Amino acid sequence: MHDFFFGTYPYIALTVLFVGSIARYETEPFTWKSSSSQMLRRKQLIMGSVLFHIGVLVIFFGHLIGLLTPIWIFDALGISHGAKQLLAVLAGGVAGIMALVGGGMLFHRRWTDPRIRRTSSFADIGILALLLLQLVLGILTIFVSLGHLDGHEMTKFMAWAQGIFTFDSQAASYIADVSPIFKLHLFLGLTIFILFPFTRLVHMFSAPVRYLARPGYQVVRSRRTPPPAE
């Protein structure tokens, strides 16, 4: 099962993420949005959203750079494995707490306000709950990482992630002996990739670039011909 979850499942998750996102954009473009409820409990929304999005962005790009950058580049820059591990713990810990606090505020707002709950789908609440669980797991991995400050444990995840993208058939074996909390964190992350195209998370791929070059337009209330003057 280990080989399936960490050798095959990643390709299933990435394929669904890629193909599903394109299919949704092409077939249901008007659902490609976050469906904001900003008119309700606006202060809580703003504070929670800022903390959550900043934290998640730092975590996302931290994982992207940290896992997919070849190890020899860090060696060439003189960044030791231990220093990289410590940076990941500190930056990831701060960003994780920010995202968890912000996400908790967003979940509380969406769950406890009857008006917002009526406009929220099961997917809206469910995906936010999964993200909060993933953040909790990520923070828990920090305590495990503190016992491996030499950085060698992190190189296993780097080898695994890069092995997946280079179609290394041995990729799953690189993390065979890591802590179960890491494996659960990875599995849930891949599962979120699968759910991504079918939830409001797709708005993360959007940027309002087209608005900068679009032609002007005029809002018309009615095209009916006015009554003739008497």
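Let's start with Gly20, which has its place in helix H1. Keep in mind that this is a predicted model.

**Gly20 and its surroundings**
- Gly20 has a relative accessibility of 14%, so it counts as buried, the cut-off being under 20%.
- Leaving aside residues up to four places away in sequence, Gly20 touches Thr15 and Pro197.
- Gly20 and Phe198 lie 178 residues apart along the chain, yet 7.7 Å separates their C-alpha atoms.

**Helix H1 from end to end**
- H1 runs over residues 2–27, which makes 26 residues.
- From its first C-alpha to its last, H1 reaches 36 Å, close to the 38 Å expected at 1.5 Å a residue.
- There is a bend of about 45 degrees in H1 at Tyr9, and the proline Pro10 follows within four residues.

**How H1 packs with H7**
- The axes of H1 and H7 are 10 Å apart, and the two helices pack at an angle of about 55 degrees.
- That angle makes H1 oblique to H7.
- The crossing in which H1 passes H7 is right-handed.
- On the H1 side, Phe6, Gly7, Pro10, Tyr11 and Leu14 take part, meeting Trp160, Gly163, Ile164 and Phe165 of H7.

Methods: Residues are numbered from 1 along each chain as its sequence is written. This is a predicted model: local features need pLDDT of at least 70, side-chain atom pairs count only at pLDDT 80 or more; totals for chains, interfaces and linings use all residues. Side-chain values use heavy atoms; hydrogens and water are left out. The expected span of a helix is 1.5 Å times one less than its number of residues. The bend at a residue is the angle between axes fitted to the seven residues ending there and the seven starting there. Buried means under 20% relative accessible area, exposed over 50%, partly exposed in between (1.4 Å probe, protein chains only). Contact means heavy atoms within 4.5 Å. Axes are lines fitted to C-alpha atoms, for helices over the stretch in contact, and angles run from 0 to 180 degrees between N-to-C directions. Angles under 35 degrees count as roughly parallel, over 145 as roughly antiparallel, 65 to 115 as roughly perpendicular and the rest as oblique. A crossing is left-handed if the near helix is turned anticlockwise from the far one by less than a right angle, and right-handed if clockwise.
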